[in-house]
Amino acid sequence: DQYNEEVELGLIIAYLESGNLSKAKKLANECLQKGVGDYFQLIDLYIMILLQLNEYQEIVVTLEALLEEKEIPIEKQENFTKILEFSKRKLESDQNKLVNESIESDIHVDASFDLFQYHSLNEQFLAVAQLSERNVRAYLPGIKDYLNASDGHPFIKTMLLQLLKEQEVNEEIIVEKFQQTSVFNPINLADLEAISEENEIDNILKRELEHDNPTLFESIKSIVSRHSFLIFPMERKESEPKVWAAAYHFMALEYFGIHASIDEMIEKYEIDERKITEAIAFIRELEEISSPIL
C-alpha cells in the first residue's frame, strides 16, 4: 500500500539497511515532498542516507533551510547543527583536493626537505607524495626534524613513516605525536592493517552492531581506521578496546543525528564514565585535526 505511512517508512529503512541507498533516498525524498508520516523522523532518515552517500551539499542545503525556518524541535537542534558543520567541513575538504590538483606542479622538493616551508597541509601532503618515487635517505635530516617536531601534523607524520618503512630505512627515529615522544625503527613498524588495537575495537563493535545495524557498523569502522592512521605508531591513551568501542558508537550516533546517551553506552559496554568521557574528547580532537586533509 503506497499510501500507508508505516509501510513506506519500513521500506525506506529496509532499503537503507540492505545498502540500496539510492532507492532509500528517492523514497524518503518523495515522502518528504508528499508530507507523509512524521516529518522529522523522515528528515533523520534522509540525512542518514545522504551521509552514507557522501552527498554533503544536499545535507547543507536541507539543514540550512530547516534552521532558517526555526521550526526544528529543541532536542534536535544541536545534532542538526553538528551534522551541518561536519558536512561543511567535508565540502571544504573536497574543494581543497580540487585545488591540490592545480597546484601540484608548483610543489618542488629540494635536498633540505623542510616541510614547514610550505604554506598549507595540502602542500605538505603533495611534497611527501613526491618522495614516493625517490630515495628517501637523501631527505632523512628534514624528515627527522618534522617527525620530532611538536607542530608537525599527525597525518603527514604517518605518511612519512610509511614511506620510510616501504623503503626499508633501518634507523632509530624520534617521533612526537599527541604529547607523546617515542623512538621507532621504521623497518620494524607493524603494517597499518595489522594494528591489533584497531582490530579489537572492530571485533567488539561487530558483535554489538553488525547484525542489528550493519550500516552504522561500517561507518564506525571507517572512522576508527581513519583515526588509527592519525595515531600510528603510537597507541591510544586509554588501553581498553571496549572503552573505545563505546566512545565510537556514541560519536557515530551523534553524527547521524540519533539521540545518544553516555549512560546507555556505559551500561551496554560495562565501562567507567571517566574513561568514555576522555575517549570521546580525544575522538573529537582527532576529528578536528583530520578535517583539513581527509
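Predicted model: local features only at pLDDT ≥ 70, side-chain atom pairs only at ≥ 80, totals over all residues.
**Ground rules.** I number residues from 1 along each chain as its sequence is written.

**Confidence.** I looked up pLDDT (the predictor's confidence in each residue, from 0 to 100) and found that the protein averages 84, with 91% of the residues scoring at least 70. I then went through the elements (helices are DSSP runs of H or I of at least four residues, strands are runs of E of at least two, both numbered from the N terminus).

**Largest pocket.** For pockets I use a 1 Å grid over the protein atoms alone and a 1.4 Å probe: a pocket is an open set of points with protein on both sides within 12 Å along at least five of seven lines, and lining residues have an atom within 4 Å of a point. A volume is the space filled by probe spheres set on the points, which are joined across faces, edges and corners. The largest pocket comes to about 390 Å³, and of its 19 lining residues N79, G257, I258, H259 and A260 lie nearest the centre. I note that α5 gives the most to this lining, with five residues, and that α1 (5-17), α3 (39-52), α5 and α11 (241-255) each supply at least two. By class (Ala, Val, Leu, Ile, Met, Phe, Trp, Tyr, Cys and Pro nonpolar; Asp, Glu, Lys and Arg charged; the others, Gly among them, polar), I find eight nonpolar, four polar and seven charged residues in the lining of the largest pocket.

**Second largest pocket.** This pocket holds about 330 Å³ of space, and L51, N54, Y56, F86 and S219 are the closest to its centre of the 14 residues that line it. The elements giving two or more residues to its lining are α3, α5, α10 (214-231) and α11, and α10 gives the most, with four. I sort this lining into seven nonpolar, four polar and three charged residues.

**Helix packing.** The axes of α3 and helix α4 (residues 56-69) come within 9 Å and cross at roughly 155 degrees, which makes the two helices roughly antiparallel (the term applies to angles over 145 degrees). For α1 and helix α2 (residues 21-34) the axes lie 8 Å apart at an angle of about 155 degrees, so α1 is roughly antiparallel to α2.

**Backbone.** I checked the backbone against the rule that most residues other than glycine have a negative phi, and most peptide bonds are trans. N54, in the loop between α3 and α4, is not a glycine and yet has a positive phi of about 60 degrees. E168, in the loop between α8 (154-166) and β1, also has a positive phi, near 55 degrees. I found a cis peptide bond between F232 and P233, with omega about 5 degrees, and P233 lies in the loop between α10 and α11.

Methods:
Heavy atoms only, no water. Axes fitted to C-alpha atoms, helices over the stretch in contact; angles between N-to-C directions. Parallel < 35°, antiparallel > 145°, perpendicular 65-115°, else oblique.
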